[in-house]
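Have the model open as you read.

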Amino acid sequence: MKINHNFLNLKDSYLFATVGAKTAAYKKAHPDRDIIRLSIGDVTRPLAPVVIEAMHRAVDDMAKRETFKGYAPDQTCYGYDALLDSLLGSYAQKGVLLEKGDIFISDGAKSDCGNILDILSTENVVLVPDPVYPVYLDTNIMAGRKILFADANEGNGFLPMPDDRVKADIIYLCSPNNPTGAAYTKEQLKEWVAYAKRQDAIILYDAAYEYFVTDDTLARSIYQVEGAKECAIEICSYSKTAGFTGVRCGYTVVPKELTRDGVSLNRLWARRQSTKFNGTSYITQMGAAAVFTEEGERQISESIDYYRANAKIIADVLDSLGIWYTGGKNSPYIWMKCPNGMDSWSFFDTLLEQANVVGTPGCGFGKNGEGYFRLTAFNTHENTAEAMRRMAELLKK
Ligand code: PLP
């Protein structure tokens, strides 16, 4: 018996563990200090009332013989009609026409970011932006694929563009991006779609933060670009849209138009799912179905607006200090340049010790993250304002 030796090529992720350990050690040494975390990568506001009500109704359905639900009705896409219909409606509002069979309900974006690789050969070369959400890199290391990096930096606004000299088969794009908050315009995505088609590659497009986009020139779905259905899979989530991080629901779009080697990827994914997955619970799906109703959208927008206001508090202070950053406007993340040429961990230590504010060092998301720092909008208005007041005071010294 042999283990999968590719796992030994993974780098241990010390980022959040070290952030936690340093913060705890500081707190222990200074128990009286009020530490504010602008490092939170999880939502903090409760589920919308429409979602809670829909889930309560679904629980009641499970209590009666006539309405009880067992396995999902469709053993490939695993979606109940109410949820699939609401997703089709939501895509139509973005000008994207999909069919029911194109959408697969999942338990969130993270699992499908990794699982989708089952249907793609390990011989493929992968192109991953640097810095980025670490799951794309690690899942491909586990599978032993060759990985290339697309450099994101200040010069390109942390939005790398295609380069025809780079030959890749699988391209990851994440927009709005975690950790940089930068988001591609539809025009920029057109270039990626054209590149993918020239290379006969496919794009794995992570749209987990699409609901934060307000600017019309920015994409909310890669399918807003013509021709993307022939070269892109979109992975999406209710986590950041509707606070489902602890409930778990997402969806992956594999359009019927997407074929490679003369084979439909939709068919392969359906086969993979029916073998290795058994659906997302009925109660969860009914909650999710309430999200893209008129009242649901009104209620979830209140929470997103709350986070947006925090992002603006952060961005306004950085503007006043003349600090370079991306994100904050169409994203809950703000990616700031560390002041005075500091490296990410030095700035982390200074901010923790002198302002009692915690953020996330950018170097933990890839080599190009060195010298940058991620702040998030998931705290309260009061804490965010106080943290930024302290940061401004520190940096003005
Ligand atoms: N994709 C990105 C870019 C993320 O930042 C996250 C979570 O932080 C996820 C996917 C995971 O989402 P989910 O909760 O749906 O698994």
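## Where α11 meets α12

On the α11 side, F347, T350, L351, Q354 and A355 make the contact, and they meet R390, M391, L394 and L395 of α12. Keep in mind that this is a predicted model. Sorted by class, the residues of this α11 and α12 contact come out as six nonpolar, two polar and one charged.

As for the geometry, α11 covers residues 344-355 and α12 covers residues 381-396, and the two pack at about 105° with their axes 10 Å apart. That angle makes α11 roughly perpendicular to α12, since anything from 65 to 115 degrees counts as roughly perpendicular.

## α9 and its partner α3

Next up is α9, a helix of residues 282-289, whose axis comes within 8 Å of the axis of α3 (residues 81-93). The two cross at roughly 30°, so α3 and α9 count as roughly parallel to each other. The cut-off for that label is an angle under 35 degrees. As for handedness, α3 and α9 make a left-handed crossing.

Which residues of α3 and α9 make the contact? From α3 it's A82, L83 and S86, while α9 puts in Q285, M286, A288 and A289. Five residues of this α3 and α9 contact are nonpolar and two are polar, with no charged ones.

## α9 and its partner α2

Helix α2, residues 49-62, also has its axis within 8 Å of the α9 axis, and here the crossing angle is roughly 145°. The crossing of α2 and α9 is right-handed.

On the α2 side you'll find V51, A54, M55, A58, V59, D61 and M62 in the contact, and on the α9 side Y282, I283, T284, M286 and G287. The class count for α2 with α9 is nine nonpolar, two polar and one charged. Have a look at M286 of α9: it is in the contact with α3 and also in the contact with α2.

## Around the ligand

There are 14 residues around the ligand, and the ones that come nearest are A109, D206, Y209, S237 and S239.

S239 has a polar side-chain atom 2.6 Å from a ligand oxygen, and for R248 a polar side-chain atom is 2.7 Å from an oxygen atom of the ligand.

Some background first: most peptide bonds are trans, and most residues other than glycine have a negative phi. Against that, the bond joining S175 and P176 is cis, with omega at about -15°. P176 is in the loop between β5 (170-174) and α6 (186-199). The peptide bond from N178 to P179 is cis as well, with omega near 20°, and P179 also lies in the loop between β5 and α6.

Is the phi of Y78 positive or negative? It's positive, near 60°, and Y78 is not a glycine. You'll find Y78 in the loop between α2 and α3.

How values were computed. Residues are numbered from 1 along each chain as its sequence is written. This is a predicted model: local features need pLDDT of at least 70, side-chain atom pairs count only at pLDDT 80 or more; totals for chains, interfaces and linings use all residues. Side-chain values use heavy atoms; hydrogens and water are left out. Axes are lines fitted to C-alpha atoms, for helices over the stretch in contact, and angles run from 0 to 180 degrees between N-to-C directions. Helices (H or I, at least four residues) and strands (E, at least two) are DSSP runs, numbered from the N terminus. Angles under 35 degrees count as roughly parallel, over 145 as roughly antiparallel, 65 to 115 as roughly perpendicular and the rest as oblique. A crossing is left-handed if the near helix is turned anticlockwise from the far one by less than a right angle, and right-handed if clockwise. Contact means heavy atoms within 4.5 Å. Ala, Val, Leu, Ile, Met, Phe, Trp, Tyr, Cys and Pro count as nonpolar, Asp, Glu, Lys and Arg as charged, and the others, Gly among them, as polar. A residue is near a molecule or strand if one of its heavy atoms lies within 4 Å of it. A polar contact is a pair of N or O atoms within 3.5 Å; within protein, one must be able to donate a hydrogen and the other to accept it, and residues adjacent in sequence count only if both atoms are side-chain atoms.
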